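Open the model in your viewer and colour it by chain.

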Number of protein chains: 2
Amino acid sequence: MTTCNSSCAPLSQPAGAEALSRVTRWQPGFQWQGVPVLEYQRTEGNWCGISRRMLIGDNAEATGFHVRYFEIAPDGYSAHEEHAHVHTVLVLRGRGQVQLGETVHELNFGDVVYVAPHEWHQFRNTSAAEPFGFLCIVDVKKAP
Amino acid sequence: MTTCNSSCAPLSQPAGAEALSRVTRWQPGFQWQGVPVLEYQRTEGNWCGISRRMLIGDNAEATGFHVRYFEIAPDGYSAHEEHAHVHTVLVLRGRGQVQLGETVHELNFGDVVYVAPHEWHQFRNTSAAEPFGFLCIVDVKKAP
């Protein structure tokens, strides 16, 4: 008899199997059917109120990129960081800000952000009420 | 003295230059500031009423993927086709359908579609009134 506990891994393709075509349903509140809500990142750091959902990348998809949905709670922010790999962002929910270098840009639905290699950046939700959510697409093989 | 004509290429980075960080603004009607509306694809085929916008990929970005926005006019459809490279789609505007193999799925805002290698597929706008728009992310180096 198998048992289940509260920290079950999500159902996914058997190891080694190629992903089949599929539709993953969006649901009100920016949940996607069968897509678990994950921690922002594993490392400690100066960030606050962020969750992560893997829309493409955790199920043996044949892509060289991952598509993630990040959501920042009111008054939350991502780490202020820089690295070699680039970020590509498209805003889906609410509004917020991105700091690119020394410049702060207001962000609304549909806005696209390209973060170049080694650019210092931070995403912030300046709203007191609404989550700020965006797609972030990255190459699987990140630059060092 | 330089001249300009009606088929000017969009302004972009000088050849060989790396892309700088940037914000590309979404505008009502699903236009993005400075992003031209392009043909769906260059080849002839059985498709109708589709436009394409390159959100990431035409400006020397350091990504292994391209992010495109496709929009299908009312009653339009993409080519019914299959190929080795996969598609990753997220719906942004309106509603429509995707056929994956023999199965037709209704699509609405936020739904994610993964089209596996060599899966026959077609996107359709079944609305008589509203455009059906979606992101489509692909690897730059497509599988043969």
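Select strand 10 of chain A, residues 112–115, together with strand 1 of chain B: the two strands run antiparallel and are joined by three bridges. Within this pairing, pick Val112(A), whose bridge partner in strand 1 of chain B is Thr24(B). The model is a predicted one, so treat each stop as part of a prediction.

Next, show the side chains of Asp111(B) and Arg25(A). They form a salt bridge, with 2.7 Å between the closest N and O atoms. Between chain B and chain A the count of salt bridges is two. Polar contacts between the chains involve 20 residue pairs, both residues at pLDDT 80 or more.

Now select the side of chain B that touches chain A. Which strands supply at least two residues each? They are strand 1 (22–24), strand 5 (48–56), strand 6 (65–77), strand 7 (87–93), strand 8 (96–100), strand 9 (103–107), strand 10 (112–115) and strand 12 (132–139) of chain B. Coloured by class, this side of chain B shows 27 nonpolar, seven polar and seven charged residues.

Show both sides of the interface. Here 41 residues of chain B are in contact with 41 residues of chain A. The two chains bury about 3300 Å² between them, and 64% of that area is on carbon and sulfur atoms. Of the interface residues of chain B, 100% are also interface residues in chain A, so the copies meet through the same surface.

Note on methods: Residues are numbered from 1 along each chain as its sequence is written. Chains are lettered from A and ligands numbered from 1 in the order in which they are written. This is a predicted model: local features need pLDDT of at least 70, side-chain atom pairs count only at pLDDT 80 or more; totals for chains, interfaces and linings use all residues. Side-chain values use heavy atoms; hydrogens and water are left out. Contact means heavy atoms within 4.5 Å. Buried area is the accessible area (1.4 Å probe) that two parts lose on being put together, summed over both. A salt bridge is a side-chain nitrogen of Lys or Arg within 4 Å of a carboxyl oxygen of Asp or Glu. A polar contact is a pair of N or O atoms within 3.5 Å; within protein, one must be able to donate a hydrogen and the other to accept it, and residues adjacent in sequence count only if both atoms are side-chain atoms. Helices (H or I, at least four residues) and strands (E, at least two) are DSSP runs, numbered from the N terminus. Ala, Val, Leu, Ile, Met, Phe, Trp, Tyr, Cys and Pro count as nonpolar, Asp, Glu, Lys and Arg as charged, and the others, Gly among them, as polar. Two strands pair if DSSP finds at least two bridges between them.
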